[in-house]
Amino acid sequence: MNKLLTGTIDNPWAIAGIYIIVFLAIVSILIFLLLVFLIFINTTYRSPFKKRTRECTQKKDESQMRMFSEGVAWSQKFKDITEQLHIVSDGLNLYGEYINFGFNKCAVILQGRGESLLYSYYFADVYVKSEHNILVVDVRSHGLSDGKYQTGGIKESDDLILWIKLINEKFNIADFTIHGICIGGATAVYTYSKLKNEGNGLLKRIVTDGLFKSYYEFFKAISKAYKAPILPAIHMVFFLIFILAKARPFKEIPIKYMKDIDIPILFIWSAMDKFCIKPNSEELFEACVSEHKEICFFPKGRHSHVRASQKMEYDELIAKFLQKYK
């Protein structure tokens, strides 16, 4: 007859140690999940119950508020020639504004994460002086547009293609330049690759300001700059983006598409940028196959705030680029 041998732990210190280990494991898991939740909420998700507004999202940031206010003031001068636009993409109602100066070119200005189309107007003046009409849009889950998730430019590029086609059909514009800040730059890269695959030649030029090598490298740099332990949680956040938004932020990265960029492209960074660090930026530039690529590291300005630190030099650089590749 077989006997089942069982054992018990009689040492109270051993029992207490087991309970402590289990408790610490549970607490660690809960802290990790809380970190994932906080990162996801603050970088990717917008509650459908949150009020849709175009107000500046960084009211405590003096530089951001100044840029936002200057952009709004600039746009107010052209209210009489500004047309409100609307499209439906992926079941989402998206909204934009088009300032028609009567030119035969259009500059699409894409703000970075968090801001509405009003912020984009801060960068518009040099394009008008270079004879471009202006299109700005509330990207999905921003401003007045629908959407719960932002995807680092991946899904946003599908929306942008519809915006470009709308302007082409409605206003007979066949020459587009995209000026993209941070995620806006990634959106521009993905957009051109998709248009190119369609055989669509509407997009003629790209200007990027603070473009990241990959979304992961961007967060990695943020983690290092702020000494924040967010990297393990980012993998789970990216998994949630894949599950909920049907986008692949690990797979779809700007440097992967540099082999497709064969139109004139201007890369702008700040040498002080802690998030798009210089080695990664230079690697991105080198990977671009365009024979008409240009690069500039401005000496001042934090990420996405390069123009705020040297407005005249910034605009002159873009004006020369547009003149050279008009």
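Colleague: Which angles count as roughly antiparallel, and which as oblique?

Modeller: Angles under 35 degrees count as roughly parallel, over 145 as roughly antiparallel, 65 to 115 as roughly perpendicular, and the rest as oblique. Axes are lines fitted to C-alpha atoms, for helices over the stretch in contact, with angles from 0 to 180 degrees between N-to-C directions. This is a predicted model, where local features need pLDDT of at least 70 and side-chain atom pairs count only at pLDDT 80 or more. Residues are numbered from 1 along each chain, and side-chain values use heavy atoms.

Colleague: How do H7 and H8 lie to each other?

Modeller: The axes of helix H7 (residues 215–226) and H8 come within 10 Å and cross at roughly 150°, so H7 and H8 are roughly antiparallel.

Colleague: And at what angle do H1 and H8 cross?

Modeller: Helix H1 (residues 12–43) and helix H8 (residues 231–245) cross at roughly 55°, their axes coming within 9 Å. That makes H1 oblique to H8.

Colleague: Which residues of H1 meet H8?

Modeller: Contact means heavy atoms within 4.5 Å. On the H1 side, Phe 32, Leu 35, Val 36, Ile 39 and Phe 40 meet H8 residues including Ile 234, Val 237 and Leu 240.

Colleague: Is Gln 310 buried or exposed?

Modeller: Buried means under 20% relative accessible area, exposed over 50%, and partly exposed in between (1.4 Å probe, protein chains only). Gln 310 counts as buried, because its relative accessibility is 6%. Gln 310 sits in the loop between helix H10 (306–309) and helix H11 (311–324), and its side chain reaches the backbone oxygen of Val 306 at 2.8 Å.

Note on methods
Helices (H or I, at least four residues) and strands (E, at least two) are DSSP runs, numbered from the N terminus. A polar contact is a pair of N or O atoms within 3.5 Å; within protein, one must be able to donate a hydrogen and the other to accept it, and residues adjacent in sequence count only if both atoms are side-chain atoms.
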